[in-house]
Amino acid sequence: MRILIVEDEPDFLRTVAQFLREDGYAVDAAPDGEEGLYKAQETEYDAIVLDAMLPYIDGFELLRQLRLKKKTPVLMLTARARVRDRIQGLDTGADDYLAKPVDLGELAARLRALIRRAHGNAAPVIHVDDVEIDTAARSVTLRGEPVVLTAREYALLEFLTLNRGRIITRTQLYEHLHDENDTPISNLVDVHIFNLRKKLGAEFIATHRGQGYSIG
Amino acid sequence: MTLPIHSIRWRIQAWHGLLLLLVLAGFGAMAYHLQDTSETRHLDAELHLRISALFGNIARQPRPVPGPGDQRPDPPDGPPEGDPDDPPERNAGRGPRPGSFRLRPELAPLFASDGGSAFYYRVWTRDGAVFGSSPDAPAGLSRPERPQSRGGLFRSVNGRREAFEFTPPGESALVGVSEAGKEREMLRFAGKLAAVGAGVIVLGLAGGWWLASRAIRPVDAISATAARIAGGRLDERIPVSGNGSELDRLAAVLNHAFAQLDAAFAEQARFTSDAAHELRTPVSVILAQTQLALARPRDSDEYRESIEITRRSALRMQSLIESLLALARLDARTEPARRQPCDLASIGREQLDLIQPLAAERGIVLHQELEPAVCVADPDRVAQICTNLLSNAVKYNRIGGEVRLSSRRENGHALLTVTDTGLGIAAQHLPHIFDRFYRADDSRNRSTGGAGLGLAICKLLTEAEGGSLTVNSVEDRGSTFTLQILADENGDAKMEN
C-alpha cells in the first residue's frame with residue numbers, strides 16, 4: 001500500500017512517515033501544498049494523509065482540486081480541529097478527519113479502514129479459498145496455520161487480495177509497493193510472487209501472461 | 001430590589017404630577033380671584049343702581065331750607081321731572097323728620113325680598129338720625145363716615161356688601177345686600193374648578209404615564225439587549241431607529257461599545273485559538289515521536305534522533321510560551337518601565353555582536369552606521385526590540401544577503417533602523433505584520449520557526465516606551481524597520497561625559 005503524507009512540519013512528517021513505513025506502507029512525503037497536489041495527481045496512492053495549513057496551496061484547496069480528478073481516499077490530519085473545520089474538510093471531499101495531536105495507532109487503523117472501504121470491503125478479515133488474511137493484524141493463515149510473510153510479501157498479497165478478481169499489472173504492483181525513494185529492481189515482484197506461491201500454494205496466484213497477476 | 005420610587009418612570013410621573021398640580025392650583029386661584037372680582041363688580045353695579053335710585057328719592061324728600069353757607073343749587077331733579085306723587089312733602093320745605101322717609105313705590109321692587117338675598121337700604125339725616133330704613137336692614141348698621149372725596153363708595157362689612165353716598169347737605173344713604181348669595185356662587189364655582197382640575201390631573205397623569213412609558217421603552221430595550229449581551233450573546237445590538245434622539249444616540253454609542261467589546265472578545269478568542277494551535281503542533285510531534293520510539297526496540301542512534309526531535313519541539317514550545325508570557329505582561333502593563341537615558345548606538349552594537357554567529361551561519365554580512373542617539377527608555381526593552389528586528393532580518397534574508405543597522409538623531413527623536421536585503425513583504429501583508437500570529441507567508445514559517453509573535457511583541461514594547469515602530473518594504477528588495485523614540489534633549493552631552 002502506498003501512502004502520501006502532505007505535511008509542512010518536518011519533524012511531524014518524518015515521524016508519521018517512519019511509523020507508517022514500519023507498518024508496511026510505502027510512504028511518499030510532500031512538504032507543501034503544491035508538491036502535494038502534484039504527487040497526488042500523478043500517482044495512484046492508496047490513501048493520502050493531508051494537513052490543512054500548508055504553504056502555497058492549503059489542504060482544503062488541494063483536496064478540492066484533487067477531487068476534480070481522483071477518488072483517492074484522503075484523511076485530513078490537522079491542528080485545525082474545530083467542528084467547522086472538520087465539516088469543511090469532509091464536505092470538500094475528505095474521507096476522514098483527525099485532529100492533532102494524534103495517536104499513531106489510531107491513524108494507522110483509520111488508514112486501514114479507508115483503504116478497505118475504497119476496495120469495497122467492510123470486514124477486516126478476508127478469506128480466499130483456504131487462506132485467511134487479517135488486514136488489521138497483518139497476519140495470514142493457511143488452513144488455520146499461521147504463515148510467516150515478509151512485509152513486502154504481505155503488502156503484495158494484501159494488494160492482490162483487495163483487488164481480487166482483477167488482473168493487476170506489474171507496473172501497478174511496483175507503484176503500490178514502493179515509495180518514491182525506492183529503486184525497484186524489475187524482477188523483484190517476480191521474486192515476491194514466487195515466495196508467496198511457495199508459502200500459500202502454486203495455484204493461489206494466477207499469472208496472466210503479458211498482463212499481470214490475479215487472486216481469486 | 002428596586003423600589004418603584006427609584007424608577008425613572010415613577011420619578012418623571014411624580015414630578016409631572018407635582019408640576020401639573022402647581023399649575024392647576026395657580027390657575028384655579030387666579031380664576032377664583034377673577035370670578036370673585038367679577039361677582040363683586042356685578043354686585044356693586046346692582047348696588048350702584050339702587051343707591052342712585054334711592055338718592056333720587058332722597059332729593060324729593062321734604063328737607064330743611066339750605067343754610068346760608070350752603071352753595072348747593074337747587075336739586076337737579078327739579079320741576080321738569082317733578083314727581084306728582086310727592087308735592088305735599090316737597091312743598092313742605094322743612095327739615096326731614098327722622099323716620100319720615102318714604103320709599104317711592106316704583107322703587108319698592110328694587111328692595112323686594114325675593115326669597116334670596118334682599119337689598120336693604122337706610123337713609124340718615126344730616127345730623128345722623130335714621131331718616132328711613134327698609135324693614136330688613138340689619139340691626140347693627142352703622143352710618144358710614146363721610147369720605148374726603150365725593151362720589152359713591154362701597155364697603156364690605158360682616159359678610160355684607162354695601163354702597164353709600166352722601167348728599168352735599170349731609171344726608172347719607174346706604175344700600176346693602178348680604179354676600180351670602182355671592183359666596184354660594186363662589187363656592188359652586190370653586191367646586192367646578194376643583195372638579196375640572198381633578199379631571200385635568202387624571203388626564204395629565206395618564207398622558208404622562210403613557211409618555212413616560214414611551215420615553216422609557218427604548219431604555220428597556222437597551223437594558224434587555226445589554227442583558228442578553230452580558231449573557232454571552234455578543235452579536236446582539238440595540239435597535240437604532242435613526243431619528244437622532246438622545247436615546248438613539250445613546251444606543252448608537254452603546255452599540256459601538258458592544259462592537260468593540262465583541263471585536264476584543266473575538267480577537268482574544270482568535271489569539272487563544274492561535275496560541276493553542278501553535279502549541280498543538282510541537283505537542284503533536286512530541287507525542288507522535290515518543291509513540292514511534294516506544295513502538296519497538298530501537299538502536300541508540302534511533303533513540304538519539306527521537307530525543308533530538310522531541311527536544312526541538314520542546315524548545316519551540318518554550319519559546320512560544322515565553323513570547324505569550326511577554327505579550328501577556330505587556331498587555332497587562334504590570335511591568336514598570338525602568339527608563340533611563342540610553343544610547344541606541346551602543347545597544348545596537350551589542351545586539352549586532354550577539355546576532356553575528358547566526359548571520360555567519362547564513363553567510364549574511366552585517367553593516368553598521370551607528371551614530372550616537374540617546375533616548376529615555378528601558379534599555380532591556382530596546383535591546384529586545386533590536387534583537388528581534390535583527391534576527392528577523394537575518395532569518396528572512398537570502399543566503400549571502402546583507403543587514404544594515406544604523407542609528408541617528410533626527411527632529412528630536414532617536415532612530416534605529418534595520419534594513420535587510422531579503423524577500424520583502426508584499427503590500428497586502430504590510431498592514432498586518434504587527435498582528436499576533438500573522439505570517440506574511442505560510443511557506444516560510446515552519447522552516448524558520450517563528451510563531452508570528454516577534455513583531456507583535458516589538459510593537460507592544462515600542463508602544464510601552466512611547467515610541468513608534470514602522471516598516472517599509474519592497475518585495476524582492478528587502479524591508480526596513482524603523483524604531484523611533486523621543487530623544488533625550490541633553491543626553492548626548494551626558495553620555496559623552
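**Strands, helices and a contact**

Reply: Strand 7 and strand 8 of chain A pair in the antiparallel sense, over 4 bridges. This is a predicted model: local features need pLDDT of at least 70, side-chain atom pairs count only at pLDDT 80 or more, and totals for chains, interfaces and linings use all residues. Residues are numbered from 1 along each chain as its sequence is written, while chains are lettered from A and ligands numbered from 1 in the order in which they are written.

Me: What makes strand 7 and strand 8 of chain A a pair?

Reply: Two strands pair if DSSP finds at least two bridges between them. Strand 7 and strand 8 of chain A have 4 bridges, so they pair. A:E132 stands opposite A:T141 in strand 8 of chain A. Strands themselves are DSSP runs of E, at least two residues, and helices are runs of H or I, at least four residues; both are numbered from the N terminus.

Me: How do you know that strand 6 and strand 7 of chain A pair?

Reply: Strand 6 and strand 7 (residues 131-134) of chain A share 4 bridges, in the antiparallel sense. At least two are needed, so they pair. One bridge joins A:V125 to A:D134 in strand 7 of chain A. The two strands form a hairpin with 2 residues between them, and A:D129 in the turn has a positive phi of about 55 degrees.

Me: Why are strand 6 and strand 9 of chain A called edge strands?

Reply: The open sheet has 4 strands in the order 6-7-8-9 (chain A), with antiparallel pairing. Strand 6 (125-128) and strand 9 (145-147) of chain A each pair on one side only.

Me: Which strands stand at the edges of the 5-stranded sheet of chain A?

Reply: That open sheet has the order 2-1-3-4-5 (chain A), with parallel pairing. Strand 2 (26-30) and strand 5 (96-99) of chain A each have a single partner strand, so one side of each is left without a neighbour in the sheet. Strand 4 (residues 74-78) of chain A is joined to strand 5 of chain A by 4 bridges. There, A:T78 has A:A99 as its bridge partner.

Me: Why is B:I433 called partly exposed?

Reply: A residue is buried if 20 or more other C-beta atoms, placed from the backbone, lie within 10 Å of its own, exposed if 12 or fewer, and partly exposed in between. B:I433 has 19 C-beta neighbours inside 10 Å, so it counts as partly exposed. Its place is in the loop between strand 10 (413-420) and helix 8 (445-448) of chain B.

Me: Which residues of strand 7 of chain A are buried?

Reply: The side chains alternate along strand 7 of chain A. A:V131 and A:I133 point to one face and are buried.

Me: What span is expected for helix 4 of chain B?

Reply: The expected span is 1.5 Å times one less than the number of residues. Helix 4 (residues 246-295) of chain B has 50 residues, and 74 Å is expected. It reaches 71 Å from its first C-alpha to its last, close to that value.

Me: How many residues does each chain give to the contact?

Reply: Two residues are in contact if their C-beta atoms, placed from the backbone, lie within 7 Å. Chain A gives 19 residues and chain B gives 17. Helix 1 (residues 10-22) of chain A supplies the largest share of chain A's side, 7 residues.
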